[in-house]
Amino acid sequence: MSHSVTVSQPGTMGSMFRSEEVALVQLFLPTAAAYTCVGQLGELGLVEFRDLNASVSAFQRRFTVDIRRCEELEKTFTFLQEQVQRAGLALPPPEGRLPAPPPRDLLRIQEETERLAQELRDVQGNRQALRTQLHQLQLHSAVLHQDQGPPLAAALTDGPSSERTPLLPPHQGPHQHLRVNFVAGAVEPHKAAAMERLLWRACRGFLIASFRETERPLEDPLTGEPVTWMTFLISYWGEQIGQKIRKITDCFHCHTFPFLEEEAARQGALQQLQQQSQELQEVLRETEWFLSQVLGQVQQLLPPGQVQVRKMKAVYLALNQCSLSSTHKCLIAEAWCAAQDLPALQRALHSSSSEAGVSAVAHRIACRDMPPTLIRTNRFTASFQGIVDAYGVGCYQEVNPAPYTIITFPFLFAVMFGDVGHGLLMFLFALAMVLAENRPAVKTAQNEIWQTFFGGRYLLLLMGLFSVYTGFIYNECFSRATTIFPSGWSVAAMANQSGWSDTFLSQHPLLTLDPNVTGVFLGPYPFGIDPVWSLATNHLSFLNSFKMKMSVILGVTHMAFGVLLGVFNHVHFGQGHRLLLETLPELIFLLGLFGYLVFLVVYKWLRVSAAGAASAPSILIHFINMFLFSRSPTNRPLFPGQDQEEDKAGLLDSPSASASEKGWSSDEEKAGCAGDEAAELAASEVLMHQAIHTIEFCLGCISNTASYLRLWALSLAHAQLSEVLWAMVMRVGLRMCGEVGVAAVALVPIFAAFAVMTVAILLVMEGLSAFLHALRLHWVEFQNKFYAGTGYKLSPFTFAIQEE
């Protein structure tokens, strides 16, 4: 039995930020009440038992015999379930919560189950025998309905042939003085042709064979399917020929029957067969009725019996993990339990053992092993916690990324998937699943794809909602811009002050709006991208610059937040030195480089106006010069004091460079003065580990920051695919010429194709791509800053799986 379950309880968001406190408890269970206590704990699902008999084989444990009896019952249940399913019946779900039955009821369940199984075997055996007899009678009747065939003289008057003329002359008189015998029966149709050829070749023509299909298919006694048979009638001369014919019919597994020569005798036999068939059919109907009664009893017994036996087996498996006290009066168990569930555990043990006269006891004990991780979830938070656990289960009381993932994951997905129309479709699909989540047909659907979507319905809901928000930021709805507010650009002002004439307009299909001209640029758009950019030829260049810088800002913010979350881990575990020696250098390195880059981007946005945009310095060149300790004469400083020449000279002329070797030698001498070799080894391991960690973090910051550029790339790809789909499908349909009615009819299949490709390509394929990239950003770029993920879940002993 698997004890692994998902702890899901409503209204427990308080434990989401860090795993709950889990205690190791020792249970003293009186022998007489041990089964009842463990059964009650299985109903509550509070504790995870530890195996105290790990060194004992499974065959030497105390309750092995009881487990084997439960397994034998499960085999019987499996046989009964197969018979019920074969009969086309369904098993009803068990009614209510069934407790683990007392051990004394196991014998009653076993006897009743064996009785039903034996009755079922007997009835099915009788039914099979009756069906076989009825099938034989029907085949015999079909054979007797066949005519006797051509007269014997026909064989004597046949011309000579290679197959029908015997090779040797007969030893005695003419053929008409020989006695003619008959072999009649039935054979499967696919064997008839081969059998006929073999008869002619083996018997040298001393026979007359007639093959004929049955008038109607007969029911196969084993499968119950209708099968067509070939009946045959063979007349032959001589005993040796008869022996050959009988051997051939046996080889082809034919059903042979006696065949009477007289017509009257055959008619009498046929009537007798029909009467026997009617009697057998009546007996078969009674047998089928009795079988249905037995199957009805199985339907009533099987659902509750399966649940109870599985629970009983689970209890015995848990008891096998307990050790026996020296007095043989109680069982000792150790189990992990949430600290807040300890009072409920005490109450459950007291109520379960009160009838035995001796109360079960549970007390908390110390343990050096790392406790399991317990994070309670509900239907909303389960999918987000699943994203985190897929990377790795958090260590005990480690900061849990799931609460922050609830916001950051849908938002980063939406940055790559930003479109009002696409996000609205995803939101409505998820909303429909949320509203129908309590319907039994929705929850019990067996389709794996549907189960995946239904399990993440709240995740999809937020992903769609955030995509609508970023779609308004990008001002894209199915790749089309919407004018919610008046544009901040005025074409009229540009035309009035530039003196555009008709000749100028005819010679210049593309016009430039200069924001330095008075009245052309009235101010920024109130929310999102100005819709006038959708008409500009440099629309892609503008969005590339915007989204690339936005991706860097979001990435640095996300990583810095991850480093800050590590502070809570250091404080909680009492590792204050790591704040000074690890977190602070990480923040200085991250913010000193990439935080400075973000500052340059924001400063340039705020300080550089349209008038100075042409001579604005390049941030990328400034950032490269910072690493190279150089300057570019053509790239003026962004703000006063940004020139690095003086700082570079001061750094190179400082005495710290020449004194570094002495400082290092001093450290080496101090390390050499330590006489404890074990301390030297431990210190060297720590230094090596920290050196590796430092190199990894420094290189990781660079690669992780570049990795966030996928936000820009995926957003651009989604927008361009949406634009291509609109231009290649809908725009073609909208530009169709002809009458209004004809165009309207033609737009129906075009819009259908547009809708199908939108769902298949932009929602499913692009959505899956954006989901996987957002997953990678959280696992690699965000969680590795503070989250180890090397723990293991608390898997409480529970009967929840047995009741499903």
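Among contacts in the protein chain between residues at least 6 apart in sequence, 82% bring together residues that are at least 24 apart. The model behind this figure is a predicted one. Along the protein chain there are 25 helices and 11 strands. Of the 804 residues in the chain, 41% are buried. The accessible surface of the protein chain amounts to about 44,400 Å², and carbon and sulfur atoms account for 61% of that surface.

Two packed helices are described by the angle between their axes and the distance between the axes. Helix α10, spanning residues 402–417, packs with helix α14, spanning residues 457–474, at an angle of about 50°, and their axes lie 8 Å apart. This angle makes α10 oblique to α14. The crossing in which α10 passes α14 is right-handed. On the α10 side, the residues that meet α14 include I406, I407, F409 and F413. Taken together, the residues of the contact of α10 with α14 comprise 15 nonpolar and 2 polar ones, with no charged residue.

T287 sits in helix α7, which covers residues 263–319. Is T287 buried or exposed? Its relative accessible area is 12%, so T287 is buried, as the cut-off for a buried residue is under 20%. Leaving aside residues up to four places away in sequence, T287 touches V123, R127 and L130.

Notes
Residues numbered from 1 in each chain as written. Predicted model: local features only at pLDDT ≥ 70, side-chain atom pairs only at ≥ 80, totals over all residues. Heavy atoms only, no water. Helix = DSSP H or I, 4+ residues; strand = E, 2+ residues; numbered from the N terminus. Buried < 20%, exposed > 50% of the residue type's maximum accessible area, 1.4 Å probe, protein only. Contact = heavy atoms within 4.5 Å. Areas by Shrake-Rupley, 256 points an atom, 1.4 Å probe, with all protein chains shown as cover. Axes fitted to C-alpha atoms, helices over the stretch in contact; angles between N-to-C directions. Parallel < 35°, antiparallel > 145°, perpendicular 65-115°, else oblique. Left-handed = near helix turned anticlockwise from the far one by under 90°. Nonpolar A, V, L, I, M, F, W, Y, C, P; charged D, E, K, R; others polar.
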